[in-house]
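The sequence and structure come first, then the details.

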Amino acid sequence: MISHRLQDTALRYFLEVVRSGSVSEAAARLSVSPSAVSRQVTGLEDLLGLPLFERRPRGMVPSAAGELLAAHARRGALEADRVVSDIQALRGLRRGLIRLCASGGFVVEFLPRAVALFRARHPGMQFHMRAAAPAAVTQVVLDGDADIGLTYSRAAERDIEVHHRQVSPVIAIMRPDHPLARHASVTLAQMHPYPIALPDGNNTARQLFDIACSQRRLVFEPALVTGQFEALTHFVLHGGGLSIAGEVTVRERVRRGELHAAQIRERAVNGRAIELQTLAGRTLPEGVHAFLGHLRALLPAPPAQRAATIAPDPKNDTPP
């Protein structure tokens, strides 16, 4: 019955007369008086300037104009039914679109995995995902072009609501057979002798790494500089040397044993946080709200992995 309320009263009454062939029968089905039905039909005829029915002994039959209007009214009724069905599906997470924008490292594995896990429970939900620089992610959310932003932030942003925030240190990544892989944490001095691939200067991990290097008066000559995280990872996987990343970005590869992650023992590399952002003051659709909760549960590192990548390693303060 909800869909009936989305349709014009006159058209609903008219269509019921078409179906039943009688004003009195239509009135009984609609639970209104026959005079109410007659007034609505007469109003339509006056509006269109043509009779909509032929009055016959066995009932009312649509005229040529009535047939055209009935076809239109039926399409409208079907469309109203579809709209109501779609809205009810959104309420039950049976369908809907969620627009995501994230800085590059998150779109490699973390977010695709999160989407796959969410869709296993809600297969009707669809996603659109785009990558952008960290500051650009926030702007996309502010512009209303993404429902959720997942990015690295170093300061609060006006008109942005942060649903989850966690410190995300820059870590060193290497193959499990690298000479430094026996350490849970490393110093910049320990890293310095080995070839390293680094993100470009727009990357927050690179910016914090450079600050730490400046404080230690160490200059790294990178073997590779690129804005593509996958290129950095494959440099490491193919035995090129070290690189740097955030824990969430490489979490699954560390879990699978493809990479080893070590904390960098420098205060400067702790100067950023992961933020889960939406536009402040917006009433979120149910699907977006549910996916936010899903991401909040997935973002913190599992306890064992957190210990392996963040716990200090005081026994290894000196270079090997």
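Arg-251 and Glu-247 sit four residues apart in helix α12 (residues 247-255), about one turn of the helix. Helices here are DSSP runs of H or I with at least four residues, strands are E runs of at least two, and both are numbered from the N terminus. The two side chains form a salt bridge, with the closest N and O atoms 2.8 Å apart. A salt bridge means a side-chain nitrogen of Lys or Arg within 4 Å of a carboxyl oxygen of Asp or Glu. Both Arg-251 and Glu-247 are buried. Buried stands for under 20% relative accessible area, exposed for over 50%, and partly exposed for what lies in between (1.4 Å probe, protein chains only).

This is a predicted model, in which local features need pLDDT of at least 70 and side-chain atom pairs count only at pLDDT 80 or more, while totals for chains, interfaces and linings use all residues. Residues are numbered from 1 along each chain as its sequence is written, and side-chain values use heavy atoms, leaving out hydrogens and water.

Helix α10 (residues 204-216) holds Arg-206 and Asp-210, again four residues apart, about one turn of the helix. They form a salt bridge. Arg-206 counts as buried because its relative accessibility is 15%. Asp-210 is partly exposed at 34%.

Another pair links distant parts of the chain: Glu-275 lies in strand β13 (residues 273-279) and Arg-165 in strand β6 (residues 160-167), 110 residues apart. Glu-275 is buried, with 4% relative accessibility. Arg-165 is partly exposed, at 48%.

| Salt bridge | Closest N to O distance |
|---|---|
| Arg-251 and Glu-247 | 2.8 Å |
| Arg-206 and Asp-210 | 3.0 Å |

Now the helix packing. Helix α2 (residues 9-20) packs on helix α4 (residues 34-48) at an angle of about 105°, their axes 9 Å apart. Therefore α2 is roughly perpendicular to α4, a term for angles of 65 to 115 degrees. Axes are lines fitted to C-alpha atoms over the stretch in contact, and angles run from 0 to 180 degrees between N-to-C directions. From α2, residues including Leu-11, Phe-14 and Val-17 meet α4 residues, among them Val-37, Val-41 and Leu-44. Contact means heavy atoms within 4.5 Å. By class, this contact has nine nonpolar, two polar and no charged residues. Nonpolar covers Ala, Val, Leu, Ile, Met, Phe, Trp, Tyr, Cys and Pro; charged covers Asp, Glu, Lys and Arg; the others, Gly among them, are polar.

Technical notes. Parallel < 35°, antiparallel > 145°, perpendicular 65-115°, else oblique.
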